[in-house]
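Dear colleague,

Please find the structure below, together with its sequence.

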Amino acid sequence: MEANSIKNLPTLQELFNHNIFKIPDYQRGYSWENKHRTDLLEDLELIKEKKHYTGTVVIKGRGEKEGMGKTFQIYDIVDGQQRFTTLIILLSVIAEEMKDIEHVNAPIISDNIITTYIKERGMDEPSIYKLELDEYNNTYFKEAIIEGNKGVEQFIESHKHLDDAKSQFKNYLDIQRRGTIPTLSDEEYFNFLNNLVKKITKSLVFTLYEVEDDAEVGVIFEVMNDRGKPLSELEKVKNYLIYLTGRISEDHDTEDLVRTINENWKIILENLSIAGMSKNSDEDRFLRLNYIINYYSDMKAIVRDGDKISINSQLADIHKQLKYYFKKYERNEDYGKCYNEMEEYIYSLKSMSYRLRDILNPSYHKAFPTINDKKMRIELSVPFSQINRLEVQSNILVLAVSIYEKFIDQPEKLLDLMKLCEILAFRVYYIWGKMASKLQTRIYRISCDIYRDDMNYFDIKSEIKSILEKVAPANEIEYELTLYNDLYGWKGIRYFLYEYERYRCLQEIDGEPSLTWEHLQSKVKKETIEHILPQTIRGVNHVKYWTELFTEIEHSENVCRLGNLVLSLCSPIVLNKGFDIKKDCYKNSKWLTERDLANFDKWTIDEINQREKELIRFAINRWTTDDEKND
C-alpha cells in the first residue's frame, strides 16, 4: 500500500480494509490519558462536514498474511499508534453496545465493525487481529480490552491506560444513552451510534507516509511523536539500540539481540511500574542513575563543537551520551566489542530495575528473590522502606542501588550499609538541610566505584563515616534540632515523628504502628500533626487554660518546638481546647505517642522541655552510627 496508491487523505475504512497494522516493540506503550481521549470525542461531536483531518500516520511494509480467501498487507506503525489504538478501542466498545440494541440492523453493523477493524477469521489461527500492539501490551489488549476477559492481570502502566480508555468510552456512551430525560430509545441510540461509526471510519482522514528502510524509521521515530506525552529518554535509548543493532549486524545475529532488547525492556518496564516509576521523568531518572553507576568515574567536562560541556549537562541527555559512547565502536568498525558492550549495558539496565523495584517497593511479594531467609527479608524491608519514605535525593538512591547490587549475596552487610544510607540521608538532607548538589560528585563517584567493585565493605563504611563527620557531626544533632523554633515547618518533621512512633511501638508492643506511613502520606501535614499548645490561643480563639500559662512571647517561642508536636487523629474542634480536655482525646488515639501525652497532668513550658529532651535522646540514638556511639 504505497501512499500514492490510494487517496491522498485515506479514511480509517480505507486503511483497515485489507491491511493489518502492528506496533513495533521499540514503540512506547499506550500512553493517552483521559484528556487526550476527551479531545478526540469532542472533535467527533463537532464534525459536520464529510471530512475532518486528524493527523499523520507513518508506516513501513512488513509482508503479507493469508486470511480466509483474502490476503492482508502487514505494516508497522512508525507514527500514529496512539491514535489508531484509541480509535480501535472506541470502535470495539461501540460494537459491544450495538449487540445490546433492539434494532434489526444493529447486530449486522456490530459484525461489520468487528470484521473490518477488530479481527477476522484466519487460515492457520482462530483470529487475525487487524491491530496488534507491541509485545508488552498485545496480550492484554487482545484478552482484556478486545475480548473482555475478566481478571487479566495488569503488569505495566500502559495496561492501565488501555483499561482506562475502554472504561472512559463505555461511560461516554452510557451518558449519551441514559444522561438525558427521557433516555434515548433503542432507535435513537442506534442512530447515534451509527452516525458516530460513520464519523470515525469515513470522516476522519489521515496524511499517510510509507517509509522504505529501517534507517529511515529510526530517524523518523526520533523526530516525530504521536499526540500525547513526548518520548522519554528511555524510549529513545531503546529505539537507538534496536537501530544500532541493524547497523552492526554483519557478523552477529540481529534477531537475537533485538529479542534480548525487547525481552529485557518488558522486564524493565514492569519493574519500574511496580516501583511507582511510570512517568517520563521517572524513566529519565532511572536512565540517569544507571549511567552514573556505570560511567561516572570516567566522566569529565568535555569540549564538543567548540563548547565546553559540564558533567551535569552531559547527564541531562543520556540518550545523546550513549550515542556518542557506542558511535566510537561503529566508527572503528569494532562491531564485536560494540555488540558485547550493548549486551552488558542492557543487562545492567535490567538488573538495576530489579534493585529499584525492591528499594522503592520492599513490600512487593517478589522482593529480595535471592535471599532465602524470611527474617532477613523482613529486616531488609525496614531500611529500604525508610529510604523510600524520605523521598530520597538521587545521589542517595544511586548509592543504595550500587550497594544493593554489590552485596546482594551478603545480606548482613547489605542490611548494615542500608541502615547507614538512611542515617546519611536523614542527617545530611533533613536535619542539616543540605542541598543535594553539595555532596553529589563525591557520592556519585563512591557509587560508581562500588558498582565497579573498587570498594569493599569497610571502605564504604569509612567513606560514609567521613561524610557524616565533616558535614553532619553526631555531637551537633541536638543543636540542629533546637536551633530553630519552627520545627513544624521542617521538611523532616513527619518522618521524625513517625520514626519516634515506631520506636515507642517496638518498646511497648514489639511491633509496628497500627497506622502506616501511607496513612500520613494520604493527608496534608495539618491533618496529621498536632500542636499540643495550640497555634492560636488569643483573639477569636481565646482559651483561658492557655493564656493563664503562656504569655504571648512564651507562646510564640514554644508552640512550634519539637517537644510540642505530635502525630494526631484528634478532631480540629478539640485541638484548640485546654490540655485538660485534650487529654480525653489523646488517651483514645491510635497513635501510641499521642496516648503517651495522657500521662501528663498539665502542659507548660516544663512539660515541653521534658518531652523535647526525650525526643532529642531518641534522635541521637536513632541517627548515630555504631562507630560514633563507640567513639
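**The sheet**

In this predicted model, five strands form an open sheet of mixed pairing, in the order β6-β1-β3-β2-β7. Strands here are DSSP runs of E with at least two residues, and helices are runs of H or I with at least four, both numbered from the N terminus; two strands pair if DSSP finds at least two bridges between them. The edges are held by β6 (131–132) and β7 (204–211); each has a single partner strand, so one side of each is left without a neighbour in the sheet. Strands β1 (residues 19–22) and β3 (residues 71–79) run parallel and are joined by four bridges. Lys-22 stands opposite Asp-76 in β3.

As to conventions, residues are numbered from 1 along each chain as its sequence is written, and side-chain values use heavy atoms, with hydrogens and water left out. Because the model is predicted, local features need pLDDT of at least 70 and side-chain atom pairs count only at pLDDT 80 or more, while totals for chains, interfaces and linings use all residues.

**Helix α16**

Of the 13 residues of α16, 10 are buried, so the helix is largely enclosed by the rest of the structure. Buried means under 20% relative accessible area, exposed over 50%, and partly exposed in between (1.4 Å probe, protein chains only). The buried residues include Asn-395, Ser-402 and Tyr-404, and their cover includes α11 (280–295), α14 (335–360) and α17.

**Gln-168 and the cysteines**

Gln-168, in helix α6 (residues 157–178), counts as buried at 13% relative accessibility. Beyond its neighbours within four places in sequence, Gln-168 is in contact with Asn-34, Arg-37 and Thr-38.

The whole structure contains zero disulfides, a disulfide being a pair of cysteine sulfur atoms within 2.5 Å. Cys-421 is buried, with a relative accessible area of 0%; its sulfur is 16 Å from the closest cysteine sulfur, in Cys-448, too far for a bond.

Yours sincerely

Notes:
Contact means heavy atoms within 4.5 Å.
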